[in-house]
Amino acid sequence: MPASQAPPSPRRWIALVAVALSVLVIGFDTTVLNVALPDLARQLEVGTGQQQWIVDAYTVVFAAALLPAGLLGDRFGRRRTLVLGLALFGAASLLGTLASGPGSLIAARTVMGLAAAFVMPMSMAVVPAVFPPAEQRRATALLTTMTAIGVPLGPIVGGLLLRHYWWGSIFLVNVPLVLLGTVACLLLLPESADPAAPRLDPLAALLAIGGLSALTWGVIEGGDLGWDDARVLGALAGSLLALTWLVRRSRHREHPMLDLRLLAEPVFRWCAVAVTLVSVVLLGGFFVLPAYFQSVLGTDALGSGLRLMPMMGGLLVASRTGERLVRRFAPRGVIGAGLVLTGLALLLGSRTSAGDGYGWTALWLPLFGAGLGLVLITATASALLLLPAAKAGVGSGLVQTLRQVGGAVGVAVFGALLAAGYRDRLDTDGLPGPAAQSARGSVTAADAVAERIGDPALAASAHGAYLHGMTLVMLVAGVLALLSAALVAARMPGTDPAAAPDAGPGPVPAAPGPRGPSPAAPGPDGPVRPVAAAAGDPGESSA
C-alpha cells in the first residue's frame, strides 16, 4: 500500500508533541541570547560587533548547513538525523555554559547552529510520514507555531534565569529540554527515509558555508571598517562569487543539493520569499528591543522578557485563526495581511520618543506578533504542503535556509544601521580617548563608563543616541515589510493549490513549464502534478 494511503498512526498527535519539543528548543535559542547580551557585554567585555557575531555565528552556520542536513535526513533516516541533531545541540549547550570569553562563546554557538540545522528540517519532514494529507496543514502549522512562540519565549525564560543565576544558565536550560525531546522522538516517532535521495555534494556545502559567512562578515564589519574597506569589499565579492557558483552548480546537476527546481511552483516560491523577507524584519527589528528595555527604560533581563509578552499574545492569536483565514482568503491574502500588520507595527514603533516609557511599545507589540505569526505560519505550512514526500527534507531545508539567511542579513544590516545611528548622535566631547572609544561601542558600554566616571550627561546622551538608532531601524524595517506586502500581493497566485480536490503534498514540477493546464508526466518521485493548474490558477499574478 502506498505511504500516502497507509492508515494514519493512532499516536501521531502524541508523536507531534515530541517533535514540537525539538523545534521549541531551536526557536527558543534563536532569541534567548538577546536579553543576555547586555550582561555578556559587561561580564565578558563584548563589543557591538562581537555581540552580532554571537548571534550570527549560530544563524549563519544554521543556514549554511540546512541543505546538506535535509538531504542526509532524506537519505539515511529523518528520525535518526533529528535525534543526532538534538544530542549535538545538548552537548554544545554544555560547552556554552563553560565559555570564558567571546571567542569560546562564539565557537559554542557555531556548534549549536550546526546541530539546529539537523533538527529543524527533519521536524517538518516527518509530517508527511505520520499524517494523512487532510491533517498535514494543521500539523505543519503547529510546528511552525512552536518555533514562532520560541522567539518571545526565549527572552522571558532567559530573563528569569538571569535574575537568579549566571548568564551560562541560558544554555544549561537547553539540556533537559533536549533530553526530553530525544526520548520522546525515540519512543513515539516512526523512522522514514528515501534511499534514492541524492548523495551529499561536499563542494556545494562548502560554497554555501563560505558564501554565507563572507556575506554576513562583510555586512557586519562594513559598519565598523567602512564600506570602502578592502577587506569588506573582498568579503562581499567572495560571497557573490561563491553563491553564484553554488547556484550554477545546482542548476546543472541532475540531483542537486540545492534543488532550485522546487521554486518552479509559484506558490512555493512566493511563500519562500515571504518567509525570507519577514525573517529580515523579525530578527532585524527584534535585535533592538532588549537593549532599549534594559538600558533606556532601566529594566533587568526578566523585565525585558516580560515586556515582550504582548508579542507572544499576537502570535497565539495568529496561530488560532490562521488556518481558518487561509481557507477563506488563500495564502496570498493571509501572508499579505500579516506583512501589512508587521509593517504598521514597526512604523508605530519608530515613533517612540524618550518620554513614552513602555506604554507605547505595549500598544504595537501585539500587532507585530500577529503579523509575524500570520506570515511565518501560513507561508511555511503552505510551502511544505506542496513538496513531494521524497523531497521533504531537502525542500524543508531550502525554506529554512532562506529564512535563516534572511535573519542573518537582517541582524547584520540593522545592527550596522543601529550602530551608525547611535554613533552619529552620541556626544563624547571631553571624555578621555579610551573612555570615548568604549562608549561608542554600545549603549551598555556607555552606561558602564558613565557610572564609572559619574557622568549622567553621558548616559543621557547614550540613551538618546540609541533611541535615534532604534528609530532608524524600525522605520526601515517597517517600510520593507509594507513593500514586501505589495510584492506578494502583485506576484503570488491568489488560490491555494494544497486545497484543490484530492490535493495533498504532491511533487513539485521539476522545471517551469508552459502556463496553463498541462498533462501530468512521470518524474523521479512519481507522477508530476501541475500544481498551479490543478488549483485553477493559470499564472502568478491572478486575483
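A charge is said to sit over an aromatic ring if NZ of Lys or CZ of Arg is within 6 Å of the ring centre and within 35 degrees of the ring normal. In this predicted model, the charged end of Arg307 sits over the ring of Tyr358, 5.5 Å from the centre of that ring. Tyr358 also belongs to an aromatic cluster, together with Tyr292 and Phe293.

**Overall architecture**

The protein contains 20 helices and 2 strands. Of its 543 residues, 58% are buried. Among contacts with a separation of 6 or more, 82% join residues 24 or more positions apart. The protein exposes about 20,900 Å², and carbon and sulfur atoms supply 66% of this area.

**Aromatic pairs**

A pair of aromatic rings is described by the distance of the centres and the angle of the planes. The count for this protein comes to 5 aromatic pairs. Two of them are set out below.

| Pair | Centre to centre | Angle between planes |
|---|---|---|
| Tyr58 and Phe62 | 5.8 Å | 65 degrees |
| Trp364 and Phe368 | 6.0 Å | 75 degrees |

Planes over 60 degrees apart count as edge-to-face. With its planes at 65 degrees, the pair of Tyr58 and Phe62 is therefore edge-to-face. Trp364 and Phe368 likewise form an edge-to-face pair.

Where do Tyr58 and Phe62 lie? Both are in helix α2 (residues 48–76), 4 residues apart, which is about one turn of the helix. Tyr58 has 0% relative accessibility and so counts as buried; Phe62, at 1%, counts as buried too.

Trp364 and Phe368 lie in helix α15 (residues 359–385), also 4 residues apart, about one turn of the helix. Trp364 is buried at 2% relative accessibility, and Phe368 is buried at 1%.

Notes: Residues numbered from 1 in each chain as written. Predicted model: local features only at pLDDT ≥ 70, side-chain atom pairs only at ≥ 80, totals over all residues. Heavy atoms only, no water. Buried < 20%, exposed > 50% of the residue type's maximum accessible area, 1.4 Å probe, protein only. Contact = heavy atoms within 4.5 Å. Areas by Shrake-Rupley, 256 points an atom, 1.4 Å probe, with all protein chains shown as cover. Phe/Tyr/Trp six-rings, centres within 6.5 Å; stacked < 30°, edge-to-face > 60°.
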